Amino acid sequence: MSKIIVSCEKLSKSYPVPNAPDLVILNEVDWEMEAGKLVAITGQSGCGKSTFMNILGLLDRQTSGKLVVDDLVFENSRDNVKLAAYRSQKIGFIFQQHYLLPELTAIQNVMSAELIRGKSFSVAKANAEAILCKLFHEDEIGSGVYNRLPEAMSGGQCQRVAIARALVGNPPLILADEPTGNLDEVTSRQVFDLFLKLQHELGISTIMVTHNPTQARQTDLSYQIHHQQITVTQ
């Protein structure tokens with residue numbers, strides 16, 4: 001039986017509204033995901049996709065219910081210091097914006113994730129190079145792309161560095177919120193194809209929010225958030 005990497009039990013999220021009933025985003029959601037899968041989360045804008053991802057990534061907390069990530073149980077009461085340490089070790093994040101540190105080169109941005117985890121400089125560099133070489137072509141590497149600052153790279157190159165930063169160190173869970181949403185159609189397809197290939201090669205568990213139906217169809221399973229619930233669409 002495959003391991004369950006993420007599960008939710010009666011997970012709810014609501015926000016207080018002055019002089020009105022609470023705004024319910026998620027209502028007693030029961031959901032689980034097998035390890036090693038790539039799943040898509042879809043739905044209309046404002047339906048709660050990013051809220052759900054933030055809860056799974058321990059950036060936000062549910063109002064009620066239970067969340068289990070890699071066998072650790074997280075209730076709605078949490079220790080923020082321990083959460084930060086856990087996130088740095090166990091979860092890789094990819095966002096629509098690459099959020100690379102502008103003063104660091106491509107390889108330094110990727111190394112930073114490993115250095116935060118306590119790896120030595122030499123190990124961090126070796127791991128960064130190993131993942132970057134899977135995401136960049138030989139001619140790009142030969143031209144010195146690893147040593148460029150983000151301002152000297154294309155949007156697609158920056159996003160590939162951001163993907164490498166999330167994947168380096170093989171964290172058990174990757175959360176990708178519209179990872180190609182800020183790219184043109186051709187670059188989006190190229191970056192997604194590379195990401196898809198690498199994700200399956202490494203067997204990483206990945207949850208991806210997307211508005212792109214073509215990308216959603218290429219995942220192992222696609223879910224939709226609708227009326228405060230999560231339902232499978234493929």
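Predicted model: local features only at pLDDT ≥ 70, side-chain atom pairs only at ≥ 80, totals over all residues.
User: How many salt bridges does the structure hold?
Analyst: There are 8 salt bridges. The term means a side-chain nitrogen of Lys or Arg within 4 Å of a carboxyl oxygen of Asp or Glu.

User: Why would side chains pair like that?
Analyst: Side chains of opposite charge can pair when their charged atoms come close.

User: Which residue pairs with Asp60?
Analyst: Lys13 does, at 3.3 Å from N to O. This pair links distant parts of the chain, 47 residues apart. Asp60 is in the loop between helix 1 (49-56) and strand 4 (64-69), while Lys13 is in strand 1. Helices (H or I, at least four residues) and strands (E, at least two) are DSSP runs, numbered from the N terminus.

User: Is Lys13 buried or exposed?
Analyst: Lys13 is buried, because its relative accessible area is 7%. Asp60 has 21%, so it counts as partly exposed. The cut-offs are under 20% for buried, over 50% for exposed, and partly exposed in between (1.4 Å probe, protein chains only).

User: What does Lys119 pair with?
Analyst: Glu114, with the closest N and O atoms 3.2 Å apart. Glu114 is buried at 0% relative accessible area. Lys119 is partly exposed at 33%.

User: And which residue forms a salt bridge with Glu201?
Analyst: That is Lys197. The closest N and O atoms are 2.6 Å apart. Both sit in helix 7, 4 residues apart, so about one helical turn separates them. Glu201 is partly exposed, at 43%.

User: New topic. How do helix 6 and helix 7 cross?
Analyst: Helix 6 covers residues 155-167 and helix 7 covers residues 185-202. Their axes come within 10 Å and cross at roughly 20°. Axes are lines fitted to C-alpha atoms, for helices over the stretch in contact, and angles run from 0 to 180 degrees between N-to-C directions.

User: Are the two roughly parallel or roughly antiparallel?
Analyst: Helix 6 and helix 7 are roughly parallel. That term is for angles under 35 degrees; over 145 is roughly antiparallel, 65 to 115 is roughly perpendicular, and the rest are oblique.

User: Which residues make the nonpolar surface patch?
Analyst: Tyr15, Val17 and Leu23 make a patch of about 240 Å². Patch residues have over 30% relative accessible area and no salt bridge; like charges are joined within 9 Å, nonpolar side chains (Val, Leu, Ile, Met, Phe, Trp, Tyr) within 5 Å. Areas come from the Shrake-Rupley method with a 1.4 Å probe; for residues, only the protein chains shown count as cover.

User: Where is Val17 found?
Analyst: Val17 is in strand 1, residues 4-17. It is partly exposed at 34%.

User: Last one. What phi does Asp70 have?
Analyst: Asp70 has a positive phi of about 50°, although it is not a glycine. Most residues other than glycine have a negative phi. Asp70 lies in the loop between strand 4 and strand 5 (72-74). Asp70 is buried at 17%. A network of salt bridges links Asp70 with Lys3 and Asp71.

User: And what about His227's phi?
Analyst: His227 has a positive phi of about 55°. His227 is exposed, at 66%.

Terms used: Residues numbered from 1 in each chain as written. Heavy atoms only, no water.
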